[in-house]
Amino acid sequence: MTPKILVFAGSIRTGAYSGKTADVAQKELAVQGAEVTRISLADHPLPIMDQDLEKEKGVPENAYRLARLFAAHDGILIATPEYNGSMPPLLKNAIDWISRVKTDDGKPLRPLPGKVVAICSSSDGHFAGIRSAAHLRAVLAHIQMDVIAPQCSVPNADQAFDEDGAFREERLRKSMHRVCEVLIERAWQASDRVAR
């Protein structure tokens, strides 16, 4: 069975390094045989998470759409930028809203717990967004996602990509290869368990 992997970036800025990193991941996952779905959080706008708003209007439809996408895939890869030493509010807000989805049309829906997920990070500095990746890892683990150990962190991202959008450095190419390899393997194992 071909694992289905969902890929997205934590930034919607034009030319975002996290978007370029997600592009590299998308290509590498496909080369390794995964069925890849690429989305943008720009296509799923959400209000700031607010329990009063949720009580008044319910969980937004776009949160349901994202939750269904998460649930329909065997694994997820998130490419996060770093804002002020942490993950961007856009990404955290999406995760917070998805975590509120428990049912869909009266049927149980578990988009997050047990779902295999990989993290990539990037920044234009030397630290490669690793603080953002660490915070994201902690959040995903807290909501019981299965976060794989390998991650691809891209330093000096303003110089990291060639004109074709590929990594210039062999070290980064190997790192992304390993992330995608482990994600596909774990996603396949998880989907196999569910199939049984």
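Reply: Helix 5 is followed by Gln144, a residue with a positive phi near 70°. The model is a predicted one, in which local features need pLDDT of at least 70 and side-chain atom pairs count only at pLDDT 80 or more, while totals for chains, interfaces and linings use all residues. Residues are numbered from 1 along each chain as its sequence is written, and side-chain values use heavy atoms, with hydrogens and water left out.

Helices and strands are DSSP runs numbered from the N terminus (helices: H or I, at least four residues; strands: E, at least two). Helix 5 covers residues 130-142, and at 1.5 Å a residue its 13 residues should span 18 Å; the expected span is 1.5 Å times one less than the number of residues. The end C-alpha atoms of helix 5 are 18 Å apart, which agrees with that expectation.

Within helix 5, the residues Ser132, Ala133, Leu136, Val139 and Leu140 are buried. Here buried means under 20% relative accessible area, exposed means over 50%, and partly exposed lies in between (1.4 Å probe, protein chains only).

Asp105, a residue other than glycine, has a positive phi near 55°. It lies in the loop between strand 4 (103-104) and strand 5 (107-108), and Asp105 is exposed, with a relative accessible area of 78%. Asn156, likewise not a glycine, has a positive phi of about 45°. The loop that holds Asn156 runs between strand 8 (152-154) and helix 6 (170-195), and Asn156 is partly exposed at 32% relative accessibility.

The cysteines complete the account. A search of the whole structure finds zero disulfides, a disulfide being a pair of cysteine sulfur atoms within 2.5 Å. For Cys120, the closest cysteine sulfur is that of Cys152, at 5.0 Å, which is too far for a bond. Cys120 is buried, with a relative accessible area of 0%, and Cys152 also counts as buried, at 0% relative accessibility.
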